[in-house]
Amino acid sequence: MRKWVIFDMDGVIVDSEYTFLSSKTEMLLDRGIDTDESYQYQFMGTTFDYMWRVMKEECQLEDSVEDLIAEMNRRRQEMIDRDGVKAIKGAKELIQFLTKKGYQLAVASSSPKDDIEKNLAALGLSQYFKVTVSGEEVAHSKPQPDVFLRAAQLLGAEPEKTFVFEDTKNGSLAAKAAGMICIGFVNPDYPKQDLSACDYLVEKFEDSYAYF
C-alpha cells in the first residue's frame, strides 16, 4: 500500500512566519500606516502576490506589487542572515520518521520555488522530498486546493489517502478542498489560527506519530 504525506513549509518545517509578520508590519509603518501585527494573520498561507495586491488596495500604497515584494524579501533576508534558517521543533524528526515508515513526501507551499529549495537544502532535508510545489506553479493559491492537488498528481497519490500538515486557516481549507486528511499543527509560538477544518490537531509533532 502506497502512503503519502504533504507538508506546508512556512510555520510547519521552517520557522519563518515571524520574518513575514515583522517585515510587512514595518513596511506599512514606514509608510505611515499603523496596523497591529494581527492584520497580517489573514495572509498566512497565501502567495506574496496575493497578499501585496490586497494590501496595496486596502492601504492605498503607491508602490508597485513587484517593488513591495522585493522590499519585503530584502528585509526578510536580513533577518535570515542574522538568525539563520531555523527548523520548527520536531519537524526534522517527523520527516525522518515518516520516511522510515515508507511514506512518500512532498512540500506544497505558497512561497516561491526558490525559497522552498533553499530552505530544504539549508536544513539538510532536500533528500526526503520526492516533490516540491510552489504557489507560483498553480493557477490559484490557498485556500484553493490547486497546490495540494498538483503535489498529489506529481506523487501519484490518491488525495483521499494523503495526509497534509498545515498550520494556517488558508492552508487547512485548501487541504480539505483537495479531499485530503489534514493534521493541523497548533504552534504555541505562532499567532492563533482557525484550524477547525482540520481532521486532527497537534501541538507537538511527536503527538502525530500515532496517526501513522
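Predicted model: local features only at pLDDT ≥ 70, side-chain atom pairs only at ≥ 80, totals over all residues.
Helices α1 and α2 pack at an angle of about 30 degrees, and their axes lie 13 Å apart. Axes here are lines fitted to C-alpha atoms, for helices over the stretch in contact, with angles running from 0 to 180 degrees between N-to-C directions. The two helices are therefore roughly parallel to each other, a term that applies to angles under 35 degrees. Their crossing is right-handed, meaning that the near helix is turned clockwise from the far one by less than a right angle.

On the α1 side, the contact (heavy atoms within 4.5 Å) is made by F20, K24, M27 and L28; on the α2 side, by F48, M51, W52 and M55. By class, that contact holds seven nonpolar residues, no polar ones and one charged residue.

Residues are numbered from 1 along each chain as its sequence is written, and side-chain values use heavy atoms, with hydrogens and water left out.

Let me turn to α1 itself. This helix, a DSSP run of H or I with at least four residues, covers residues 17-30 and reaches 20 Å from its first C-alpha to its last. How many of its 14 residues are buried? Ten are, where buried means under 20% relative accessible area with a 1.4 Å probe, protein chains only. Among them are E17, T19, S22 and T25. The buried residues of α1 pack against α2 (48-58) and also α3 (65-83).

Finally, α1 is followed by G32, whose phi is positive, near 80 degrees.

How values were computed:
Expected span 1.5 Å × (residues − 1). Buried < 20%, exposed > 50% of the residue type's maximum accessible area, 1.4 Å probe, protein only. Parallel < 35°, antiparallel > 145°, perpendicular 65-115°, else oblique. Nonpolar A, V, L, I, M, F, W, Y, C, P; charged D, E, K, R; others polar.
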